[in-house]
Amino acid sequence: MLSLLYQEGPSTKGIFRRSGSAKTFKELKEKLDSGTEVDLAHESIFVTASLFKDFLRNIPGSILSSQLCDKWISVLDQGNTEEKIKSIQRLIEHLPRANVVLLRYIFGVLHEIEMRSQENQMNAFNLAVCIAPSLLWPPVSSTPDIESEFIKKISSLVQFLIENCCRIFGDEITSLFGEI
């Protein structure tokens with residue numbers, strides 16, 4: 001999924017914003033959940049993006065770890081950009097290795113999409129609004145007002161992560177997918 005999103009996402013207007021066919025999504029999700037081999041190359045990139053967001057939403061405790069939720073949310077309240085980046089890097093060290101590897105690939109894709117935002121209309125802000133709720137959620141449910149405020153904060157954090165991903169994850173995230 002990430003490879004396809006890396007290939008097609010940067011040239012796709014509204015990637016992660018638009019959703020594909022609900023019927024196709026449901027059929028493919030059922031196949032994937034049952035372990036059936038699926039070739040997404042012949043499907044709409046919007047269905048693939050929806051499947052990927054669904055995959056992220058189903059990671060137990062979220063990829064950024066709901067246990068660290070308060071720490072993630074408070075990162076942007078810290079000093080200058082450099083201090084925020086250092087705080088984020090320290091938080092990343094507390095995540096399981098698999099989460100860190102996946103995050104690097106995710107932000108490699110988001111960076112590539114954001115670099116062509118003139119073409120696809122998905123700048124860091126727009127990408128963050130679409131993907132942030134799939135990356136982190138609070139450990140307990142809350143009122144709609146608190147949830148709305150939380151989504152704004154996590155979106156700001158994800159926007160910062162996208163805008164600074166090379167400094168946070170290293171410049172090599174731009175070449176994780178090699179020459180596709």
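Biologist: At 37% relative accessibility, does Glu 27 count as buried, partly exposed or exposed?

Modeller: Buried means under 20% relative accessible area, exposed over 50%, and partly exposed in between (1.4 Å probe, protein chains only). Glu 27 counts as partly exposed because its relative accessibility is 37%. Please note that this is a predicted model, in which local features need pLDDT of at least 70 and side-chain atom pairs count only at pLDDT 80 or more, while totals for chains, interfaces and linings use all residues. Residues are numbered from 1 along each chain as its sequence is written, and side-chain values use heavy atoms, with hydrogens and water left out.

Biologist: With which residue does Lys 23 form a salt bridge?

Modeller: A salt bridge is a side-chain nitrogen of Lys or Arg within 4 Å of a carboxyl oxygen of Asp or Glu. Lys 23 pairs with Glu 27, their closest N and O atoms being 3.6 Å apart. Both residues lie in helix H2 (residues 22–33), 4 residues apart, about one turn of the helix. Helices (H or I, at least four residues) are DSSP runs, numbered from the N terminus.

Biologist: Which parts does the pair of Glu 82 and Arg 167 tie together?

Modeller: The side chains of Glu 82 and Arg 167 meet in a salt bridge at 2.1 Å, N to O. Glu 82 belongs to helix H5 (residues 81–92) and Arg 167 to helix H10 (residues 165–169), so the pair ties together parts 85 residues apart in sequence.

Biologist: How many salt bridges are found in the whole structure?

Modeller: The search finds 7 salt bridges.

Note on methods:
Helix = DSSP H or I, 4+ residues; strand = E, 2+ residues; numbered from the N terminus.
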